[in-house]
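This briefing concerns the predicted model shown below.

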Amino acid sequence: MSSSRPDGRGADSPSPSPSRSYTPLASPPPRLDTSTRPRPRPKLVSFGRDSLMGGRPDTDGHPHVEFIHDTSPTIIPTRMSSEVDPLLKEVMSPDDDDDWMGEHQVEETKSSWFLFLLTFGGLGLQIGWSVETSNGSPYLLSLGLSKSMLALVWIAGPLSGVLVQPYVGLKSDNCRLRWGKRRPFIIGGAAATIVSLLVLAWAREIIGGFLGIFGADPEAQGVKTCIMLFAVLFVYVLDFAINVIQAGVRAYIVDVAPTHQQESANAWLMRSAGIGNILGYLAGYIKLPDYLPWLGDTQFKVLCAIASFIMALTVGISCATCSERDPQFDTAPAQQQDGVVAFFKGLARSVKKLPPQIKRVCAVQFFAWIGWFPFLFYITTYVGEIYADPIFEKDPHLPDDKIDRVLEDGTRIGTRALLIFAITTFIASVVLPFVIPPTFQAPQPNRPVTPATPMTPATPHSMGGSGYFALNHTPRGAPKSFMDSVSKSMEMLQIKSLTLRRSWLISHILFAVLMVLTFFVRSTWGATVLVGAIGIPWCVTNWAPFAIISSEISKRDAIRRGVIKPRDREAQLIAEGEDDGSGADSAGVVLGIHNVAIAAPQVIATLVSAIMFKILQKPRGTAGDTSVAWVLRFGGVCALVAAWLTLQVNEEKEEEELDEPFRRRRMS
């Protein structure tokens, strides 16, 4: 870190351009109280067409330098120093635009190892999620819940998404702890998730033992009802806790990864989640109590214990190795009214002021997730019933204990299908980022970050420095290492006309087609192949919308901080603080609203599923129950609506010239 000079530059920084002179104050104003605020730093306040903050000229006609405190709520920070922001680096760049000085900061291209560590917490999060989705339904059914009641229990997921993620996003945006905005929430959510998993797995023993103190019979119906209610309660607690981590991890990536690597960072999160899915479903397919009896006497107990350990490990490593920008140097958060009503009013105002691109993505997600929710929670049951049908048809009068064993075996077969699904998703997450050209090119010494059109794409090589799997940045050109050669050769896989938005469109159509195929599947292996193929659209669903939104948020934030040069009218308004965002494009708020667009439609899917189960469901142990299949087909219809709405999402365009009236206004 270089020492500070009176003009705010480091000791080793180049001198200002000869065309400009800088006249610092002879003596700065009285020092502010530093007991609770960081030390003030001198900032250049320019004027005329260079002005971003409305400065005034000195008496000799030169710009005036004043001491302006970084955390003043009336100041919008423009260019963040690398002393304050460790995610930036200073460069010298000759530029023909006088609005940008010769020395400025750019977002440093991160290595693939850094992006892996940044998204490593997603692995533990996904293992916990896969344990709940693949084994939660069979576990609750084993406690005595009916299918129709089960559908209402899983409303906990969307309900927590609607309530928790926007709230956590808002609170983390306003967090000013030195440790960062997001990491405190990630750690707290992980701790709550671990406790919830363990309590849920041992619900029978906890409630049975507690009521046994008062002489209650563990087999009494009242005790069983209390166990079911307790388990349902902790399903809600678990979903709320998982949403806290998810909100933190997504915003963590937006804050730390540079704009041109948002797609790459989200691809790495997808890979981490893919590994978590594989491990979670693989563990669910193995009879774990036979190998790890000291962790529990049932499959669900052992899975919850393993998931808790891995979550603590992965979240701890990610938070310890990837630092955030110190939020104490950010502008002070706006005053917020307390109360639930005030929170939802503020959320509604933020929804109205969302950037148009993000609004379009949220509209697509609304219908897409009506289709995905039934698949995620009932696909294990669908495969298990295909397995059980021939057995129930052969012997329709099986006793309850044998029905339980048949359904448990069917659940294991369903988990095997989800394992194939997870492997397909992971393979797609590795291959697709090389096939689909990235949207933004990496910054180079003589030009800023710019969008890349489908016909002139940036490459995975340029996005990740030396490629996705290289650790250090090297200039483009002739490969200098083996990994450079591998990355260069992977560029041959690119389909030049295939963009992230078009891939997302295709994924909706593919999912709908695969749901139609449930009419023709009659064997467990056929169902397994079908589920495995769905891993491809699921991969794009977990990548494309988040990458589009993350890139938009990061780009707007970088323009606002002066890291990316504004190139069009909207960008200029953002840079000058004249846009009508009012905090509606902050990472936590936007991702929270986006999650509402994902979670709220799941309430619709849950209610529709409950109605369809009530009409179509047959008694337990009866052959020919197709209720789950019809729920999946309903999801396929909603995917077609999502595909149509995806056509409204804009492609990122090449930089546009300012229109002439706006250029004249800037020059005045």
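Beyond its neighbours within four places in sequence, Asn 266 is in contact (heavy atoms within 4.5 Å) with Arg 250, Trp 543, Phe 546, Ala 547 and Ser 550. The model is a predicted one, in which local features need pLDDT of at least 70 and side-chain atom pairs count only at pLDDT 80 or more, while totals for chains, interfaces and linings use all residues. Residues are numbered from 1 along each chain as its sequence is written, and side-chain values use heavy atoms, with hydrogens and water left out.

- Asn 266 is found in helix 8; helices (H or I, at least four residues) and strands (E, at least two) are DSSP runs, numbered from the N terminus.
- With a relative accessible area of 1%, Asn 266 is buried; buried means under 20% relative accessible area, exposed over 50% and partly exposed in between, for a 1.4 Å probe and protein chains only.
- Thr 119 lies 147 residues from Asn 266 in sequence, yet their C-alpha atoms are 8.1 Å apart in space.
- Ala 558, in helix 19 (residues 544–560), is buried with a relative accessible area of 0%.
- Between Ala 558 and Pro 258 there are 300 residues of sequence separation and a C-alpha to C-alpha distance of 8.6 Å.

**Overall fold**

- The protein has 23 helices and four strands.
- Of its 668 residues, 55% count as buried.
- Among contacts with a separation of 6 or more, 77% join residues 24 or more positions apart.

**Nonpolar cores**

- A nonpolar core is a set of buried Ala, Val, Leu, Ile, Met, Phe, Trp, Tyr and Cys residues joined through side-chain atoms within 4.5 Å.
- The largest such core holds 139 residues, and Leu 118, Leu 140, Phe 375 and Tyr 382 touch the most other members.
- This core lies between domain 1 (110–328) and domain 2 (339–441 + 493–663), because both give residues to it; the domain bounds come from an automatic or database domain assignment.
- Another core, of seven residues, lies apart from it and includes Ile 559, Ile 564, Ala 571 and Ile 574.

**Pocket and cavities**

- On a 1 Å grid over the protein atoms alone, a cavity is a set of points where a 1.4 Å probe fits but cannot get out, and a pocket is an open set with protein on both sides within 12 Å along at least five of seven lines; lining residues have an atom within 4 Å of a point.
- Grid points are joined across faces, edges and corners, and a volume is the space filled by probe spheres set on the points.
- The second largest pocket has a volume of about 1,300 Å³.
- Its lining comprises 46 residues, with Pro 138, Ser 142, Asp 404, Leu 407 and Glu 408 nearest the centre.
- Helix 13 provides the largest share of this pocket's lining, 10 residues.
- There are seven cavities of 30 Å³ or more, and the largest cavity contains about 600 Å³ of space.
- Of the 32 residues that line the largest cavity, Gln 126, Trp 129, Gln 246, Trp 369 and Asn 542 lie nearest its centre.
- Helix 21 gives the most to the lining of the largest cavity, with six residues.
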